[in-house]
Amino acid sequence: MFVHYYRELLNFCLRQVRDRDAAADIVQESYARVLAMEQARAAIAEPRALLYQTARHVMVDQYRRAQLRTHEDLHALDETAQPPGPAHEEPDALLSSAQAMAAYASAIEALPLRCREAFMLHVFDDMPYAQIAQRMGISLSMVEKHIARGRLACRACELLQQGGAPSAAQRPDAALPATRQP
């Protein structure tokens with residue numbers, strides 16, 4: 001039933017897109033969609049009108065897809081015209097981040113052994129104070145002091161990274177009384 005509309009539909013599509021191959025593709029896609037509707041037992045009262053409407057929809061779909069793909073090849077652009085990468089992946093940012101991580105690691109390493117252990121259990125293992133106290137065999141108050149001292153060390157490191165100097169109250173070695181090593 002649809003076969004005798006093929007040539008007419010092809011000419012219609014050819015006038016719209018002005019490319020014989022593209023028009024043939026549109027007609028083929030239109031026929032495939034209409035045949036799928038027919039196989040789904042959809043009642044088709046006007047097959048010619050349905051083919052034309054389907055062809056229009058296929059052309060709109062193809063136009064929209066083409067609009068999404070219209071961009072210049074990044075390799076063809078001049079280096080100055082290329083879009084910048086994410087700021088956090090820039091070499092300076094990566095170096096700065098690596099240096100900051102090393103500084104924080106050094107600040108944590110400089111803490112007394114028990115203080116460092118309590119701080120790392122809380123920050124990196126997300127362990128609550130009571131569980132740390134039980135695990136280390138120390139009081140809850142001592143755990144609080146160890147963690148406070150670790151936080152002060154990290155805060156002092158952060159201030160140094162920002163170009164400032166920590167005040168006497170912000171230095172971990174001056175803020176709390178020294179803890180005894182076992």
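Phe12 is buried, and Tyr52 is buried too. Buried means under 20% relative accessible area, exposed over 50%, and partly exposed in between, with a 1.4 Å probe and protein chains only. The model is predicted, so local features need pLDDT of at least 70, side-chain atom pairs count only at pLDDT 80 or more, and totals for chains, interfaces and linings use all residues. Residues are numbered from 1 along each chain as its sequence is written, and side-chain values use heavy atoms, with hydrogens and water left out.

**Aromatic pairs**

A search of the whole structure finds two aromatic pairs. Rings of Phe, Tyr and Trp (its six-membered ring) pair if their centres lie within 6.5 Å. Planes under 30 degrees apart count as stacked, over 60 as edge-to-face and the rest as tilted. The ring planes of Tyr6 and Tyr31 meet at 50° with centres 6.1 Å apart, so this pair is tilted. Tyr6 lies in helix H1 (residues 6-17) and Tyr31 in helix H2 (residues 20-39), so the pair ties together parts 25 residues apart in sequence. Helices (H or I, at least four residues) are DSSP runs, numbered from the N terminus. Tyr6 is partly exposed, at 34% relative accessibility. Tyr31 is buried, at 12%.

Phe12 and Tyr52 form a tilted pair as well, 4.9 Å centre to centre and with 55° between the planes. This pair links distant parts of the chain. Phe12 is in helix H1, Tyr52 is in helix H3 (residues 47-68), and the two are 40 residues apart.

**Helix H5 against helix H7**

Which angle do H5 and H7 make where they pack? Helix H5 (residues 113-123) and helix H7 (residues 140-161) pack at about 85°. Their axes are 8 Å apart. Axes are lines fitted to C-alpha atoms, for helices over the stretch in contact, and angles run from 0 to 180 degrees between N-to-C directions. H5 and H7 are therefore roughly perpendicular. Angles of 65 to 115 degrees count as roughly perpendicular, under 35 as roughly parallel, over 145 as roughly antiparallel and the rest as oblique.

H5 contributes Arg114, Cys115, Ala118, Phe119 and His122 to the contact. From H7 come His146, Ile147, Arg149, Gly150, Arg151 and Cys154. Contact means heavy atoms within 4.5 Å. By class, the contact of H5 with H7 has five nonpolar, three polar and three charged residues. Ala, Val, Leu, Ile, Met, Phe, Trp, Tyr, Cys and Pro count as nonpolar, Asp, Glu, Lys and Arg as charged, and the others, Gly among them, as polar.

**Buried residues of H5**

In H5, Cys115, Arg116, Ala118, Phe119, Leu121 and His122 are buried. Their cover includes helix H4 (91-109), helix H6 (129-136) and H7.

His122 sits in helix H5. Its relative accessible area is 18%, so His122 is buried. The His122 side chain reaches the backbone oxygen of Met127 at 3.0 Å. Neighbours within four places in sequence aside, His122 is in contact with Met127, Tyr129, Ile132, Ile147 and Arg151.

**Helix H6**

The axes of H6 and H7 come within 9 Å and cross at roughly 110°. That makes H6 roughly perpendicular to H7. Tyr129, Ala130, Ile132 and Ala133 of H6 meet Leu140, Val143, Glu144, Ile147 and Arg151 of H7. The contact of H6 with H7 holds seven nonpolar, no polar and two charged residues.

Met136 is in helix H6. Is Met136 buried or exposed? Met136 is buried, with a relative accessible area of 8%. The C-alpha atoms of Met136 and Ala118 are separated by 7.9 Å, and these residues are 18 apart along the chain. Leaving aside neighbours within four places in sequence, Met136 is in contact with Arg114, Glu117, Ala118 and Leu121.

Note on methods:
A polar contact is a pair of N or O atoms within 3.5 Å; within protein, one must be able to donate a hydrogen and the other to accept it, and residues adjacent in sequence count only if both atoms are side-chain atoms.
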